[in-house]
Structures are given as structure tokens and as C-alpha cells.
Amino acid sequence: MDMFQLTRARDVADAVRAAAAARTAQQGADIRYLAGGTTLVDLMKLNVERPRHVIDISRLPLDRIEATADGGLRIGAMVRNADLAQDPRVKRDYQVLSQALLAGASAQLRNMATTGGNLLQRTRCVYFRDTAQPCNKREPGTGCSAIGGFNRTQAILGTSEHCIASNPSDMNVALMALQAGITIQGSGGERSVPIGDFYTLPGDTPQREHVLEPGDLITAVTLPAPAAGTRSVYLKLRDRASYEFALASAAVVLGMRDGKATHVRVALGGVGTRPWRSLEAEAVLLGNPPDDATLRRAGEAALADARPQPGNAFKVELSKRCLAQAVRLAVAADDAAAG
Ligand SMILES: Cc1cc2nc3c(=O)[nH]c(=O)nc-3n(C[C@H](O)[C@H](O)[C@H](O)COP(=O)(O)OP(=O)(O)OC[C@H]3O[C@@H](n4cnc5c(N)ncnc54)[C@H](O)[C@@H]3O)c2cc1C
Ligand code: SF4
């Protein structure tokens with residue numbers, strides 16, 4: 001591995017100033033922030049990332065979970081995944097987020113992994129992680145080995161002819177359904193980006209995954225107040241029960257009255273090139289009883305634009321069933337809460 005310089009950021013301004021000198025904040029960045037290190041250090045060991053300067057942000061005072069004036073939560077970027085999953089307010093009001101976090105990785109990894117780092121974790125595409133293989137995301141213009149190669153775990157929504165890599169995060173799927181905001185401190189000041197606008201599609205620039213620019217430091221994730229009377233569920237389907245990424249997952253936030261859905265948010269994991277909010281499924285579910293026929297139509301709507309490869313065509317049906325079952329679980333949680 002190349003030698004790199006490691007410095008510890010003294011405060012947020014210090015970190016942003018140092019990182020603003022980077023050429024890019026995307027793949028191949030020459031300056032990188034280090035949070036829990038569970039993505040970055042792995043990729044540095046594999047030579048997939050080779051920053052010449054690493055800025056340790058782990059001591060920045062961004063590790064608090066605070067109530068906001070509008071009844072929501074502000075989660076500091078350095079809050080560990082384990083702490084966030086077990087926070088009593090998250091377990092009570094944002095069950096989908098707690099469940100998604102606990103479905104991810106292992107207890108040891110969750111103790112290290114941070115909220116900011118999880119937002120920016122990279123694809124698990126095997127070709128991306130193997131520098132002997134062509135990969136447009138790692139080396140633009142070299143080709144995509146997964147198209148026509150091993151593509152069982154790749155995306156079926158939002159793909160392009162240049163990249164079909166799936167976004168592997170569980171947390172991000174829940175945040176999509178919760179309509180989280182991402183607070184970013186850059187050299188030009190602070191801004192907030194809705195998570196729905198944060199991730200880019202691969203198109204012909206798969207090396208670009210999000211809207212961050214050099215120097216941009218994620219300082220917090222904000223959650224709006226939970227919609228009154230809603231229940232939420234995260235369901236993850238995978239090859240084994242723990243320590244495995246999703247083949248398909250679904251995050252559902254649901255409110256019911258008189259047997260009909262009055263509030264619906266749906267996001268899918270394991271199938272999109274970014275965490276995938278499905279407005280189409282929400283439109284089918286809203287105002288209707290969540291019976292089998294409606295759930296089937298919701299799944300059809302969510303996956304209508306799927307472009308599977310031979311190795312991952314099974315994900316189309318799997319994702320539909322995952323969504324249907326997640327809604328059923330949310331209805332059951334609503335029934336249980338009603339007494
Ligand atoms: C074996 C294994 C299994 C896993 N299984 C799962 C799973 O099932 N589900 C799942 O969702 N995840 C899984 N993960 C991924 C894990 O959740 C992520 O690696 C972790 O969340 C990343 O957080 P981190 O703090 O360690 O990030 P780091 O590795 O420190 O950083 C990741 C990236 O984010 C950047 N960054 C970090 N913080 C900030 C910030 N505040 N502002 C701007 N940039 C920042 C870094 O520069 C880097 O590019 C797994 C990981 C491993 C190693
Ligand atoms: S799917 Fe994307 S990350 Fe995987 S080989 Fe193709 S270009 Fe690279």
C-alpha cells in the first residue's frame with residue numbers, strides 16, 4: 001500500500017479546511033475522512049482506495065442524539081450504529097431504523113460503524129473490490145465486469161450500461177422511508193440535503209455516488225417527527241441470518257384507519273443502485289386495505305422498471321414478496337398496538 005499521512009481533526013472547521021484541498025470527494029479521492037474505518041480501511045487494504053491524506057474525525061463532538069424542536073431527532077454523524085439502534089427514542093418512534101441497523105453486519109462492526117460512514121459505505125460488487133478486474137466505478141472507462149459476469153447480488157433498479165452495483169446499506173433504506181435529512185458542513189457553510197436527493201444514479205459516471213464535494217463533512221442526520229399513529233418495519237432477506245448483506249429488503253412506515261392505509265412510505269434495499277424509495281408502491285397502497293391483491297399490485301408497481309441480469313432475475317419476485325410481507329408485519333404491529 002502507498003504511504004499516507006494521518007492527522008486528527010481538532011474541530012469541524014479544521015477537518016473541512018483540510019479536506020477541501022481534495023480533487024474530488026468521490027471514488028479515488030486523495031483526501032479521505034476516517035470515522036469507524038470499517039469501509040475505508042478495508043478498501044485501503046485492497047488498494048481500491050489510496051488516499052494520500054487521511055483525516056481522523058473520530059474525536060469530533062458529533063456523537064450525540066438530540067431531540068429537535070419539531071419533535072424529531074438530530075443524530076450526530078459519529079453516533080455509532082450500535083448506540084443508535086438501542087436509543088430508546090429510536091426504538092419507540094423509529095422502529096424501522098433500529099431494526100435496519102440491527103440487521104446489519106455484526107455486533108462488533110456496529111460498535112465501530114458510524115452514522116456518517118454508513119451513509120457512504122461502498123458497494124460489495126466483487127469486481128469493484130478486485131483491482132485485477134475492469135470496473136467503471138473504480139477505474140472509469142475500463143468496463144463493467146458484472147454485466148455478463150457474476151451478478152447475483154447486483155441491482156435491478158436504477159442500473160445503467162456502465163454499472164449495475166447495488167447499494168448495500170440497511171440503514172439507508174430505513175432513512176429513505178423516514179425521509180431523513182443530511183446536514184453537511186462544507187467550505188461554503190452548512191446545508192441540508194433530503195436523503196432522496198443525496199445519492200446519484202450511476203448513469204455514465206458510476207464513480208460518482210452522491211452529491212458531496214471536496215471538504216464536505218456530514219455532521220448529522222435529522223429525522224422528522226414520526227407521523228402520528230404510524231408503525232414501521234424493516235424486513236431483510238439474505239443468504240444467512242446474520243453477517244450478510246440484503247438480497248432484498250423493505251422499509252415500511254404505515255398508518256391505518258378503518259382498515260385502510262392513511263400514511264405510507266416504502267423503500268427497498270438490495271435491489272437499487274441507491275437506496276430505493278418507491279413512490280409507485282406508496283401510490284397503490286395509500287387509501288386501500290392492504291389485502292393480498294393490493295400488496296401484489298404494489299409490488300408490481302415498485303418493480304415495473306426492473307432491469308435484471310440472468311444471475312439476479314430472482315430478485316424481482318423476491319423483492320415483491322419482501323415488500324408484501326413487510327407491509328403485513330407493519331399492519332400486525334398496528335393491530336397489536338391498538339390492543
Ligand atoms: C464484514 C462486513 C459486513 C457488513 N455487513 C453490513 C450489512 O449487513 N449491512 C450494512 O448496512 N452494512 C454492512 N457493513 C458495512 C458497515 O455498515 C459500514 O462499513 C459502516 O457503516 C461504515 O461506517 P464507518 O464509520 O466505519 O465508515 P468509514 O469506513 O470510516 O468511512 C466510510 C466512508 O465514509 C466517509 N466518511 C465517514 N464519515 C464521514 C463524514 N462524517 N462525512 C463525510 N464523509 C465521511 C469516509 O471517508 C469513507 O469514504 C458491513 C461491513 C463489513 C466490513
Ligand atoms: S457493477 Fe459497477 S462496481 Fe461492479 S464491476 Fe460493474 S462498474 Fe464496477
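This is a predicted model: local features need pLDDT of at least 70, side-chain atom pairs count only at pLDDT 80 or more; totals for chains, interfaces and linings use all residues.
The account begins with the ligand. A shell of 33 residues surrounds ligand 1, and the closest of them are Y33, T38, T39, L40 and T114. By residue class, this shell around ligand 1 consists of 15 nonpolar, 12 polar and 6 charged residues. Several elements of secondary structure contribute to the shell: at least two residues each are supplied by strand β2 (31–34), helix α2 (40–45), helix α7 (115–119) and strand β8 (217–223).

Individual polar atoms can then be located around the ligand. T38, one of the closest residues, places a polar side-chain atom 2.6 Å from an oxygen atom of ligand 1. T114, also listed among the closest, has a side-chain N or O atom 2.6 Å from an oxygen atom of the ligand. With I218, the backbone rather than the side chain is involved: one of its backbone N or O atoms lies 2.9 Å from a nitrogen atom of ligand 1. The protein buries 94% of the 980 Å² that ligand 1 exposes when taken alone.

The description now turns to a pair of helices. Helix α10 spans residues 292–302 and helix α11 spans residues 314–338; their axes come within 9 Å and cross at roughly 135°. An angle over 145 degrees would count as roughly antiparallel, and one of 65 to 115 degrees as roughly perpendicular; α10 and α11 are therefore oblique to each other. The crossing of these two helices, α10 and α11, is right-handed.

Notes. Residues are numbered from 1 along each chain as its sequence is written. Chains are lettered from A and ligands numbered from 1 in the order in which they are written. Side-chain values use heavy atoms; hydrogens and water are left out. A residue is near a molecule or strand if one of its heavy atoms lies within 4 Å of it. A polar contact is a pair of N or O atoms within 3.5 Å; within protein, one must be able to donate a hydrogen and the other to accept it, and residues adjacent in sequence count only if both atoms are side-chain atoms. Accessible areas come from the Shrake-Rupley method with a 1.4 Å probe; for residues, only the protein chains shown count as cover. Helices (H or I, at least four residues) and strands (E, at least two) are DSSP runs, numbered from the N terminus. Ala, Val, Leu, Ile, Met, Phe, Trp, Tyr, Cys and Pro count as nonpolar, Asp, Glu, Lys and Arg as charged, and the others, Gly among them, as polar. Axes are lines fitted to C-alpha atoms, for helices over the stretch in contact, and angles run from 0 to 180 degrees between N-to-C directions. Angles under 35 degrees count as roughly parallel, over 145 as roughly antiparallel, 65 to 115 as roughly perpendicular and the rest as oblique. A crossing is left-handed if the near helix is turned anticlockwise from the far one by less than a right angle, and right-handed if clockwise.
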